[in-house]
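Keep the picture open beside you as you read.

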Amino acid sequence: MFVAKSIAADHKDLIHDVSYDFHGRRMATCSSDQSVKVWDKGDDGEWRCTASWKTHSGSVWRVTWAHPEFGQVLASCSFDRTAAVWEEIVGESNDKQRGQSHWIKRTTLVDSRTSVTDVKFAPKHMGLMLTTCSADGVVRIYEAPDVMNLSQWSLQHEISCKLSCSCISWNPSSSRAHPPMIAVGSDDSNVTYSGKVQIYEYNENTRKYAKAETLMTVTDPVHDITFAPNLGRSFHVLAIATKDVRIFKLVPLRRESANSSGPTKFEVQVMAQFDSHNSQVWRVSWNITSTLLASSGDDGCVRLWKANYMDNWKCTGILRGDGSPVNGSGHAAALSAVGVPGAAQMLVGATSAGRYVTAGTRSLMPYILGILRCLFSFMTGTQHILYSGTT
Amino acid sequence: MEEVDVEPSPTLIPSAGFHQRHLGFEWGPGDLLVYETNYKLQGPRSAGSPFVHIVWKDEDICSPILRKLFNESHLIFVGLQKIKEDMPSKNKKSQFVSISKNYRSVIRACMEELQQNAVSTQEGSLASQYGDQVSILLAIELIWNLCEVLFIDAAPAGSLLLHLLDWVRLHKSDVDARAREVLQSDSPAHHQSYWDVVISLVLQGRVDEARQVLSKQASLRAESSSVFKRMDVLLHTMPIFNPTGTQTLTEFDVKWRHWHEECDRCLQDNTFASNRHLETICKILVGDEDTILEQKELLSTWYHFLVTRLLFTHPTIKPPDLHYYAQVHTTSPILLSLRYCYKQCIYHTCVCVCVCVSLWQLAVDYFDHCPEFGRVYLELQIERVPLDTERKAIKVLRICEDRQMSEQVRSICKIMAKRALRNNRLGSALSWSIRAKDAAFATLISERFLQDYCNKGSFTDLDLLDNLGPAMLLSDRLTFLGKYREFHRLYGENRFSEAAKLLLSLMTAKIAPRSLWMTLLTDALPLLEQKEVIFSVDQTYELMSCLEELNSGTKDSSQTDQDEDIESTKTELLRLALARNLAMAIVKEGTIET
């Protein structure tokens, strides 16, 4: 891996979240400077800031895009106890020439009494629904019934979690076999309610969300939580950032017909647990096909995790800051900002980044090496199949 | 052999980690964004590094040599698509096999070029990078080949083993080099590798060549020549299945069993007791597991062992049996990992290729061949292809439609419709909604069309509206829009009575929304004012009742006094026109034509 490009984000304070849009051609950044910036990737591969505006009266913690079926829509949440929805307006032609676009606020959601810690859109098959969670322990689900009029949002559900909430994740599965499901993580240090991950499920009959499961084995504060894309499986996979990285498998148990009105019961299994960060883990996120999990920890590293055919998980990549200050000119040292990696880029990558195998064609190496090692181990009589990482 | 888990060495992100120690990240299409941040939300903070860094994982993909590989593969796969369409399914397998072989040869060509580059380059790190790529491609090709034999080209009994033997020979080419070395030496029979070469050839089933090398020995030792002759006969008479020949599998099997018994008899009779090498060879011919296993130095791989053992015990093997054999002789995870690797080979190729903007279409074909998860991965990835232009969107759509990915089709059309609507391109938005079969959106856009008409007095996108056809039925409002436009067209063509009939039916059949009835009645005015009577008596009565129905409804409280005045004036005008028309129509219908 190597750094192909560095973009000067120009925020006046710390960046708290960066979010790609669905197609990966636009990016939104938000910061403690209370603003959100939107970046567009041009045909030349260069990123340009096309909008920058003040969104809140406090640090903006998260920013997220709605599905493009609903248009160009962003949501942000902040320390100022509000969440807001923004829509891009097609501007005047001279704006387009200057490469600027306008975003206007469609609504402010002011129901929370404390800092709003996460904001997520629900999967698109549920319509245009926005979810927030706050330090006041309440998860709120809003819906815009008329997708052409984004100024009208109604609060559909309020889920009281009894613990200060830090993160939420919707199960992306649109299968009819799974009712809508949301996982909520808490960073509360309360010991009375020890299970820090709760899973709520929508009940068609009562038209309400009911708690389906609490992961009692997760007792430490949870900072991030994310369902993996479903891939047509019958079970769900949930990654959690807590004092370590944990991946849970939730297998829906068959309902007895008598009890069909309650939420689904799950069998909870731990698929993996990594404490390589050796410290608090703050973020976890799956790639699009859920083949890779990335985690970020207190050790200042981002780690990439991948499973082999036997569901053994390994770390396949590490990113870490080099601890160097930004130099006077404001540009990252020794890196050209040219987009297309040419030979020079490869050299830089090779010298500063070293050799390792990560995703892409190179990640075949572990499998190939694994197979070759199997062969040799077979020939020497040991029948262990050992999956190894890189040398 | 114990393996120690080794962590990969970290990639360093420049100017991060100095002010703030956490690294934030975000997955992108083929890359990863990282930035300096602080997740501890409380406490004093200073500003961090202002940079967002894009980390590439797949730097090799865009190298020119590998691009060539992908482009050539693309050509092969384009051919594959054509075959899918043209050929009946039972002929497809042979085509798939030849394509697989074609693809492997493309990989080998790429490997050779990389190898040349690795040798010629001055730059040390580049050379080792090329070297890495070569070894990866080599491994890919090897595994692909094996998988081709096992999974794609699941050959019938008899042929399967021959394919496997071919494969082993291809990938164990050092035997030829050693054989050449031995034969070219002064005294081949005394060469230290002599017996190794003979045995290797036998292990690969290359009995004629083994005989040739053996003959060097035989010529030397006159006294033991009978033993060598015996071995020569055994090797010579070994039946090899000829799939193109006239011999049936059963006939071959019988013949082979006879030969096998003959070899066994030689062992029982201690025919080769005088020469341990010949004894070994005879044991191999009989398929003795332990003996073959003893040759592990020469075999060096489990699959070679497996193929050799099959050759001498069960030459008529079929693919399903192969799995059993593989399981018996190795722990099954090896075969599992092989399958997994095969899937991953294809999958990773697709993902990497998806990243290369211009090669995404190639990825689709790869995904199609990816067993088990291919379709799901494709569904996930195809949605993310940026729809920069209408042309590209149509390409992506065609791919989805071909594979009956109806949800993806709907989604893409919806995205395009929404985008067109935002940019006020109503015609484009409407045609995308129709393609998405999105009735709600079609209704919305029809409303906009009608609004525009009310404001401007004319329709836009006449081409589209005139040619809606059965798509009109998608939503009531769309049907009305289409029919209303038809009314205007008929009027423009002076086909007044048809226009009149249509206009009336729009109201009486309740296709028109109430809010537009006044507009429609106003449209009727010029028809009523014509010298000729267009609306019949009955039709006029119906129009009158429509007008009265409209007026009997509750008054719109938001109307201003001025609006009310206009409305009542309109109503008066209409009543007058209708009354006059009624009079003329009664007279006309009452007149007897003379």
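**A helix and its neighbours**

In chain B, the cover over the buried residues of helix H24 includes helix H23 (476-492), helix H25 (517-528) and helix H26 (537-552), where contact means heavy atoms within 4.5 Å. This is a predicted model, in which local features need pLDDT of at least 70, side-chain atom pairs count only at pLDDT 80 or more, and totals for chains, interfaces and linings use all residues. Residues are numbered from 1 along each chain as its sequence is written, chains are lettered from A and ligands numbered from 1 in the order in which they are written, and side-chain values use heavy atoms, with hydrogens and water left out.

Helices here are DSSP runs (H or I, at least four residues), numbered from the N terminus. Among the buried residues of H24(B) are B:Phe496, B:Leu503 and B:Met507; buried means under 20% relative accessible area with a 1.4 Å probe, protein chains only. After H24(B) comes B:Lys510, with a positive phi near 60°.

Now look at helix H17 (residues 374-382) of chain B, which is mostly covered, with seven of its nine residues buried. These include B:Tyr377 and B:Gln381.

Finally, find H19 (residues 406-422) and H20 (residues 426-436) of chain B, which pack at an angle of about 165° with axes 8 Å apart. Axes are lines fitted to C-alpha atoms over the stretch in contact, and angles run from 0 to 180 degrees between N-to-C directions. H19(B) and H20(B) are therefore roughly antiparallel, the word for angles over 145 degrees.

Technical notes: Helix = DSSP H or I, 4+ residues; strand = E, 2+ residues; numbered from the N terminus. Parallel < 35°, antiparallel > 145°, perpendicular 65-115°, else oblique. Buried < 20%, exposed > 50% of the residue type's maximum accessible area, 1.4 Å probe, protein only.
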